[in-house]
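Subject: Structure handover

Hello,

Please find the structure below, followed by notes on what turned up in it.

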Amino acid sequence: MGLGAARKTALVTGAAGFLGSHLVDRLLDEGYEVVGIDNLMTGDLGNLERAGRDPHFHFQMGDVREPIHVYAELVFNFACPASPIHYQSDPYATLTTSVMGALRLVEMARGRRCTIVHASTSEVYGDPTVHPQPESYWGNVNPIGDRSCYDEGKRCAETLLNDARRAWGVDVRIARIFNTYGPRMAFDDGRVVSNFIVQALRGSPLTLFGDGRQTRSFCFVKDLLEGILSLARPEPIEGPVNLGNPEEFTIRDLAEEVLRIVGSDLEIIHQPLPADDPRQRKPDISRARELLGFSPQIGLREGLRATVADFQARLAERASKGR
Ligand SMILES: NC(=O)c1ccc[n+]([C@@H]2O[C@H](COP(=O)([O-])OP(=O)(O)OC[C@H]3O[C@@H](n4cnc5c(N)ncnc54)[C@H](O)[C@@H]3O)[C@@H](O)[C@H]2O)c1
């Protein structure tokens with residue numbers, strides 16, 4: 001990628017969110033004219049502070065469920081609350097954002113030169129019975145559970161985008177993103193990495209759901225963006241591509257690593273596992289490796305250090321403003 005004769009326009013939905021805002025910064029660095037759309041359901045304009053100083057960035061307050069009046073050669077569809085606390089707080093909004101958002105982008109792209117890179121999720125695999133999960137695995141999802149608005153919304157968006165490709169040749173790329181963390185994650189979103197870091201920095205005991213032996217793999221945001229941008233390459237890519245870091249850790253490992261980095265010996269307390277919480281989650285990234293040369297470089301310790309430093313700085317800024 002890079003700057004051609006004229007700047008290409010990229011549209012990022014969910015631009016004020018954790019991943020969307022990093023993507024905006026990266027696309028500006030790559031020489032794009034970038035339009036960001038967000039309704040600020042979970043996003044924060046503070047995430048766009050750097051982008052806001054760039055004359056090539058344009059923010060639109062808007063909802064992806066409404067018709068989209070921007071034309072861009074490259075679209076990154078990242079709008080959707082991603083943490084269980086947020087997506088379960090308004091399940092109807094979550095489901096409709098996934099499905100209607102994809103529909104609105106297809107309406108915009110149909111018949112035009114436009115590539116849509118869609119942020120799908122490992123949650124399409126539900127509580128997997130196959131481990132690690134390759135893209136060919138169809139998943140094990142509860143269609144009517146607490147997490148269904150997110151899981152099924154994302155599954156339906158994949159269906160809709162694939163049908164648009166088959167029916168009208170819309171160029172869609174589907175990233176099945178596994179647990180990604182890094183600077184700018186929201187303080188209060190209940191995701192395990194941000195939870196542990198905020199608790200450790202505030203000196204509260206770390207709350208661990210279940211026995212802590214459930215596993216996850218954690219991808220640092222910078223690594224993920226490499227995969228997302230490679231997926232936007234000019235040559236079409238059919239079918240979903242897993243993106244994540246396949247290194248697997250127990251949740252207890254994660255808690256202990258956070259405590260080591262913060263330099264604390266706080267207590268770890270146990271709470272019951274939430275409904276439909278997957279026991280194991282690990283991407284099979286063979287396809288991303290082969291197609292995109294994707295290979296995450298940043299290990300958990302290095303990524304956590306950068307994330308803890310960012311949370312520390314933001315907590316200090318909040319404290320200085322009396323918040
Ligand atoms: N972070 C992860 O680990 C992860 C994993 C898998 C998939 N994803 C996907 O990546 C995308 C971004 O996730 P994130 O972690 O940055 O979450 P986030 O909550 O920080 O960002 C989502 C953004 O979308 C915006 N949004 C929500 N509904 C909207 C609507 N109807 N119209 C316009 N904007 C809307 C929010 O305000 C927010 O800024 C999501 O689609 C999510 O499903 C993230």
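For the helix packing, axes are lines fitted to C-alpha atoms over the stretch in contact, and angles run from 0 to 180 degrees between N-to-C directions. Please keep in mind that this is a predicted model.

Helix packing

Helix α8, residues 251-262, packs against helix α10, residues 300-320, at an angle of about 55 degrees, and their axes are 10 Å apart. Angles of 65 to 115 degrees count as roughly perpendicular and those under 35 degrees as roughly parallel, so α8 is oblique to α10. The crossing of these two helices, α8 and α10, is right-handed. On the α8 side, the contact is made by Leu-254, Glu-257, Val-258, Arg-260, Ile-261 and Val-262. On the α10 side, the residues are Leu-300, Arg-301, Leu-304, Arg-305 and Val-308. Sorted by class, the contact of α8 with α10 has 7 nonpolar and 4 charged residues, and no polar ones.

A second pair is formed by helix α1 (residues 18-29) and helix α7 (residues 221-231), whose axes come within 11 Å and cross at roughly 65 degrees. The crossing of α1 and α7 is right-handed. From α1, the contact takes in Phe-18, Leu-19, His-22, Leu-23, Arg-26 and Leu-27. From α7 come Val-221, Leu-224, Leu-225, Glu-226, Ile-228 and Leu-229. The contact of α1 with α7 divides into 9 nonpolar residues, 1 polar and 2 charged.

Ligand site

How many residues surround the ligand, and which are the closest? There are 30 residues around the ligand, and the closest are Asp-38, Thr-42, Tyr-150, Lys-154 and Thr-180. For Asp-38, a polar side-chain atom lies 2.5 Å from an oxygen atom of the ligand. For Tyr-150, a polar side-chain atom is likewise 2.5 Å from an oxygen atom of the ligand. Gly-17 takes part through its backbone: a polar backbone atom of Gly-17 is 3.0 Å from an oxygen atom of the ligand.

Backbone details

The peptide bond that joins His-131 and Pro-132 is cis, with omega about -10 degrees. Pro-132 sits in the loop between β5 (115-121) and α5 (148-168).

Leu-40 is not a glycine, yet has a positive phi of about 60 degrees. Leu-40 is found in the loop between β2 (33-38) and α2 (49-52).

Regards

How values were computed:
Residues numbered from 1 in each chain as written. Predicted model: local features only at pLDDT ≥ 70, side-chain atom pairs only at ≥ 80, totals over all residues. Heavy atoms only, no water. Helix = DSSP H or I, 4+ residues; strand = E, 2+ residues; numbered from the N terminus. Parallel < 35°, antiparallel > 145°, perpendicular 65-115°, else oblique. Left-handed = near helix turned anticlockwise from the far one by under 90°. Contact = heavy atoms within 4.5 Å. Nonpolar A, V, L, I, M, F, W, Y, C, P; charged D, E, K, R; others polar. Near = heavy atom within 4 Å. Polar contact = N/O pair within 3.5 Å; in protein donor to acceptor, adjacent residues only side chain to side chain.
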